[in-house]
Amino acid sequence: MKQFDIPLYYRSPIISRVKAIRSNNDNRKKDFSPTLLNFDGIQFVLARHFGFCFGVENAIEISYRALAENPDKRIFLLSQMIHNPSVNADLEKNGIEFIQDTQGNQLKEWDEIHPEDVVIIPAFGTTIEIESILEKKGIETKKYNTTCPFVERVWNKSEKLGNDDYTVIIHGKDKHEETRATFSHAKEHAKSIVLRDIEEAKILGEIILGKRSKADFAKHFSTRTSEGLNFETDFDRIGVVNQTTMLASETQEISDYLADIMNQKFGSENKDQHFANTRDTLCYATNDNQTATLALLEEDADVAFVIGGYNSSNTSHLVELLEKKFKTYYIKDETELIDKDHIHHYDLHQNKTVDTENYLPTDKALKIIITSGASCPDSTVDRVIQRLGELQDLNLDVESALTILKNNFK
Ligand code: SF4
């Protein structure tokens, strides 16, 4: 895979070497077993895949290049480049300003953006409507466009479905930048609708089968359908695409459910006529990270930590997977490990940060699972490992642990 030129402080002395040892021994990425990193008194069980993906490194490289190439210009990002607070904070520190927040609310009015400004499009891509605003202002939108190619692949697939006369069902979070961009591109070519989860898919299924009313349809989906979508006639042919970072098992469940609905309505002998037989549009990083996290569930451990921004979709799904078996804490970085007894962390179910006491067992040598989202720098994971060692009053001998790891893979 292409090597990107990103600032060195995002790289790490521990994790980058762990990843190099693993990939030297498995360069075709067939082995999803975790990495055990042993220290005296503490053992870390690391997922085989985690951290910066292709799209994030690409976006970081382009953003810092924009800074280097335009020292005298104002530089804007349409919104957070990726969902990681430390990366966005560093870009802001270097002078980049955000035009919108992650929900699409204006932080800068469009009137304040001028043709001579540089505008970077984030890895999530953007909507056709925003591209058009920028182009009308005479702003070059291609030069610093960091839209991930795996997101563009979803747009292409939506276009193909539209050309084949299918209505596009987008499994995604409707407020998320990527899904707003995908919806905008899909509706150029096809009737389109966004579904968040299997519960919403079931509501749509009942609408397709005529078990729910027009009012019900409007109540649930009016803000998430393309203009003119007719709930009685536009669901005769459907195809599913998804936000690249959704939970693979949930997308599969939604696709299977909707395929079954179409079979009930039109008969299984006609199924290809009514349900596009497509694979999900999750990206390679989401697939690798979720598969590696599922492999962690085969392990025993005292506690799990998932590291990433609290608005990161892909990171939240790793938490959902791990908490099926382990006491799991979702932290943005090492500063959330307040001390031995207190942790500040994000609770997905309450949708807010909370404080928890006694989060580490104290009566034994610890075995700790660690993974992170696709927008989390490896240097942050390093610091979490070091902080956990510090809290256990251990001096982590990194060189010895890495030598043992290397020998294990000889
Ligand atoms: S998570 Fe996937 S789609 Fe998103 S930036 Fe990374 S590679 Fe691209």
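How many residue pairs are in polar contact between domain 2 and domain 3? The count is 6, with both residues of each pair at pLDDT 80 or more. A polar contact here is a pair of N or O atoms within 3.5 Å; within protein, one must be able to donate a hydrogen and the other to accept it, and residues adjacent in sequence count only if both atoms are side-chain atoms.

## About the model

This is a predicted model, in which local features need pLDDT of at least 70 and side-chain atom pairs count only at pLDDT 80 or more, while totals for chains, interfaces and linings use all residues. Residues are numbered from 1 along each chain as its sequence is written, and side-chain values use heavy atoms, with hydrogens and water left out.

## Domains and their contact

The domain assignment (automatic or from a database) gives domain 1 as 8-53 + 284-408, domain 2 as 54-136 and domain 3 as 169-274. The centres of domain 2 and domain 3, taken over C-alpha atoms, are 31 Å apart. Their contact (heavy atoms within 4.5 Å) takes 14 residues from domain 2 and 10 residues from domain 3.

By class, the domain 2 side of this contact has 2 nonpolar, 10 polar and 2 charged residues. In this scheme Ala, Val, Leu, Ile, Met, Phe, Trp, Tyr, Cys and Pro count as nonpolar, Asp, Glu, Lys and Arg as charged, and the others, Gly among them, as polar.

## Salt bridges

Let's turn to the charged pairs. A salt bridge is a side-chain nitrogen of Lys or Arg within 4 Å of a carboxyl oxygen of Asp or Glu, and the count by this rule comes to 23. One of them joins Arg 11 and Glu 57 at 3.1 Å, N to O. This pair links distant parts of the chain, 46 residues apart: Arg 11 lies in the segment before α1 (15-25), and Glu 57 in helix α2 (residues 54-69).

Across the interface of domain 2 and domain 3 the rule finds 1 salt bridge. Elsewhere in the list, the side chains of Glu 129 and Lys 187 meet at 2.8 Å, N to O.

## A parallel sheet

Helices (H or I, at least four residues) and strands (E, at least two) are DSSP runs, numbered from the N terminus; two strands pair if DSSP finds at least two bridges between them. An open sheet of 3 strands runs in the order β4-β3-β5, with parallel pairing. β4 (97-98) and β5 (118-120) stand at the edges with a single partner strand each, so one side of each is left without a neighbour in the sheet. Strand β3 (residues 75-77) pairs with β5 over 3 bridges, and Ile 75 has Val 118 as its bridge partner in β5.
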